[in-house]
Amino acid sequence: MSDPYSSEVRALFRAPAHAGDLEAAATGEAGDRDARVSVAARLEAGRIVAMRFRARGCPHLIAAAEAACAALEGKNAVELREFSADGIRDRLAVPAEKTGRILLLEDAIRALGRQPDGTHDLESSRED
Amino acid sequence: MNASELLYLDYAASTPVDSGVAAVMQRCRETAYANPSSNHAAARLAQAAIARAAGQLAALLNVEPQTLVFTSGATESDNLAIAGAARYRAERGRHLITMPTEHKAVTDVFAALERAGFSVTWLAPGPKGLLDPADLAAAIRDDTQLVSIMYVNNETGVIQDIAALGGVCRERDVLFHVDAAQAVGKIPIDLSALPVDLLSLTGHKFYGPKGIGALYIADRPGCHVEPLLFGGGQQSRIRPGTLPTELIAGLGEAAAVAAARIDSDLAHLRALRGAFEAGIDAVEGRVVNGDAVGGFPGILNVSVADIDGESLLLALEPLCVATGSACNSKTQEPSYVLRALGRSDAEAQGAIRFSFGRQTTLEEARFAADHYRRAVAFLRGIAPREPAR
C-alpha cells in the first residue's frame, strides 16, 4: 500500500501554525458523525487579517484546514462566502473517499462568511 | 523514513525472522533444494529437513508429527479446517458455531458456508471479549458439527478458555477448531492435554517466515477434513502440492526457538506492557479494549473516544502500530471486533493496537507511551471545543 499522505499533508498536519483560537472573531463550524471543524477570522477593513481553525478528523482534514487558513489570510473577506475546497483538495491529493471531510471545511468557511460580524466587514469591503 | 528511524510495535501483524531461523533456511536453500516428492538421494535431504521441522513443530505443541499438515499460513489453515470439516460432516448436520470477533479468515469462511446452505450461530462475547462456555453449551444443537473459536484475539489479546470450550464440544461430539495464529509460539500450548480437534497456525507470527503455516488435525474418529485443493498425493491428499522445504525448515526452527524461550519471552512482554501502561496512565478517558488483566501481554488495545484513529496513527509516527479501524479503507468502518465488545463507533475509531515483541526494549516501551501521551494531547489541543452545556 502506498503512502496515503503527501509530504505537504504530513508537514501541514505536524505543524498546524493556524490551529487555535482568535478572540472576538467571527466563527463558522461544520461537522458530521466522525469529524468536526471550526474556523475563526479577524477582519479589518474588509480584509482577513488572521485566521485560525480547530479540527477533529483525519489528517487530510487537518492539513486542508491549515492550508486554507494560510491561503485566506490577507485576502478579501468576500472570499470566505465563496470559498471552494476544490483547489486544496487537488493540491493535497485528498482521496476521493474523503471528499466529504473536505466539504466540511468548505461548509465551515462559508458559514464563517455568513456571520453577522463578517457581513458588516464584507459590506465595508464592497464600498472600497 | 527508513527502517532505522522506525519503532516497530506491530508484532501481532508480523514478526521479524529470527536470525537462527534465517540461517537454517539459507542452509536448506543451499543443500535441500530438490523436490521432496522425488525418489533420489537429493530428495531425501529435503525429506529429512521436512521431517526435522515437523518434529520441531510437533514438540512445541506436544503432538505427533503426522497430525500436522503444512499450509501457506493461517488463512489457508482456517479455510481448510472450517470448510473442510463442515463438508466432511455435512451429512451428519449443517449447523456451525463461531463468534463475530474472530479473524476475517474465519468469519468470511463461515459467511461463505452460510451462503452455501449451512446454518451458523454467531455467539456474542462478554464485555471483555470472552465467550462463556455455558453460552456455547446452550447454542449447540443436535445437528451442530463444528465450533471455531480463536485462542488469542488478534486485535485485543483476549485469551479464550480453550480447555473449557473444547470440553463442551467434546461432550457433544462436536469438532472444535481453534485459530491459534496469535498463540502458537507465544503462550504454552499442550495439545495432548487440550480437547482441540483442529488448530491453525502460521510461522510469521512467531519469528518464522511468511508463506508457511500448518493445520493440526487430531488423530481421532470423526475428525477429518475434505481437501480444498487437488492435484497431487502430498500430505495424504489433504493438502497436495510440492512442499516448500526451506519455509517448512524455517517454521520448524522458529518452533524450536519459541519452545526454548517461551517463558522468558512472556516475562519480557509482561515487563514491556507494565512499562507502557504506567506511561499512559495519565491519559484521561483511555479505555483498554479486552481483558486488561488476563489477556496476552504482547497486545494492548487502547481507545480514546474523542480522537480520530487515523490522525492518531499519523501523529504517532515513527511508531508502527495498528488502528482499531480500517482507517484507510473506503468505508472507514470501525473495527467489528471492538464494536462486538460494546465499544461505541467513536471509541472504536480512536483505538490503537500496540503489540510488543522480542526486539522491543523497555526504553522503547516507555518512549512509545510518552509519544502516545503527547500525540493525544496534540490532537485534543487542536480539536473544536465542546459547546457549553
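At what angle do helix 2 and helix 5 of chain A pack, and how far apart are their axes? The angle is about 35°, and the axes lie 9 Å apart. The predictor gives the complex an ipTM of 0.90, together with a pTM of 0.91.

- Chain A has an average pLDDT of 89, and 89% of its residues score at least 70.
- For chain B the average pLDDT is 94, with 96% of the residues at 70 or above.
- One stretch of chain A to treat with care is residues 119-128, where pLDDT stays under 50; the model has 13 contacts beyond four places in sequence for this stretch.
- Where pLDDT is low, the predicted coordinates should not be read in detail.

**Where the chains meet**

- Chain A has an open sheet of 3 strands in the order 1-2-3, and the pairing is antiparallel.
- Strand 1 (26-31) and strand 3 of chain A are the edges; each has a single partner strand, so one side of each is left without a neighbour in the sheet.
- On average, neighbouring strands of this sheet are turned by 15° against each other, direction ignored.
- Strand 2 and strand 3 of chain A run antiparallel and are joined by 9 bridges.
- Within that pair, A:Leu43 stands opposite A:Ile48, which belongs to strand 3 of chain A.
- Helix 5 (residues 99-113) of chain A packs on the sheet and touches strand 1 and strand 2 of chain A; the direction of the helix makes about 150° with that of strand 1 of chain A.

**The helix pair of chain A**

- Two packed helices are described by the angle between their axes and the distance between the axes.
- Helix 2 and helix 5 of chain A cross in the right-handed sense.
- From helix 2 of chain A, the residues in this contact are A:His60, A:Leu61, A:Ala64, A:Ala65 and A:Ala68, and they meet A:Arg101, A:Ile102, A:Leu104, A:Leu105 and A:Ile109 of helix 5 of chain A.
- Sorted by class, the contact between helix 2 and helix 5 of chain A has 8 nonpolar, 1 polar and 1 charged residues.

**The sheet of chain B**

- Chain B has an open sheet of 7 strands, ordered 2-8-7-6-5-3-4, with mixed pairing.
- Strand 2 (68-71) and strand 4 (119-122) of chain B are its edge strands, and each pairs on one side only.
- Neighbouring strands of this sheet are turned by 20° against each other on average, direction ignored.
- Strand 6 (residues 175-179) and strand 7 (residues 198-202) of chain B run parallel, with 3 bridges joining them.
- B:His177 stands opposite B:Leu198, a residue of strand 7 of chain B.
- Helix 4 (residues 104-115) of chain B packs on the sheet, where strand 3 (95-98), strand 4, strand 5 (144-148) and strand 6 of chain B are touched; the direction of this helix makes about 155° with that of strand 3 of chain B.
- Strand 3 and strand 4 of chain B pair in the parallel sense over 4 bridges.
- B:Leu96 has B:Val120 in strand 4 of chain B as its bridge partner.
- From strand 3 of chain B the chain crosses through helix 4 to strand 4 of chain B, a β-α-β crossover that is right-handed.

**Backbone details to check in chain B**

- Most residues other than glycine have a negative phi, and most peptide bonds are trans.
- B:Glu317 and B:Pro318 are joined by a cis peptide bond, with omega about 15°.
- B:Pro318 sits in the loop between helix 8 (309-315) and strand 11 (319-320) of chain B.
- B:Asn62 has a positive phi, near 60°, although the residue is other than glycine.
- The loop between helix 2 (41-61) and strand 2 of chain B is where B:Asn62 lies.

Methods
Residues are numbered from 1 along each chain as its sequence is written. Chains are lettered from A and ligands numbered from 1 in the order in which they are written. This is a predicted model: local features need pLDDT of at least 70, side-chain atom pairs count only at pLDDT 80 or more; totals for chains, interfaces and linings use all residues. Two strands pair if DSSP finds at least two bridges between them. Helices (H or I, at least four residues) and strands (E, at least two) are DSSP runs, numbered from the N terminus. Axes are lines fitted to C-alpha atoms, for helices over the stretch in contact, and angles run from 0 to 180 degrees between N-to-C directions. Two residues are in contact if their C-beta atoms, placed from the backbone, lie within 7 Å. A crossover is right-handed if, with the strands pointing away from the viewer, the path from the first strand over the helix to the second runs clockwise. A crossing is left-handed if the near helix is turned anticlockwise from the far one by less than a right angle, and right-handed if clockwise. Ala, Val, Leu, Ile, Met, Phe, Trp, Tyr, Cys and Pro count as nonpolar, Asp, Glu, Lys and Arg as charged, and the others, Gly among them, as polar. pLDDT is the predictor's confidence in each residue, from 0 to 100.
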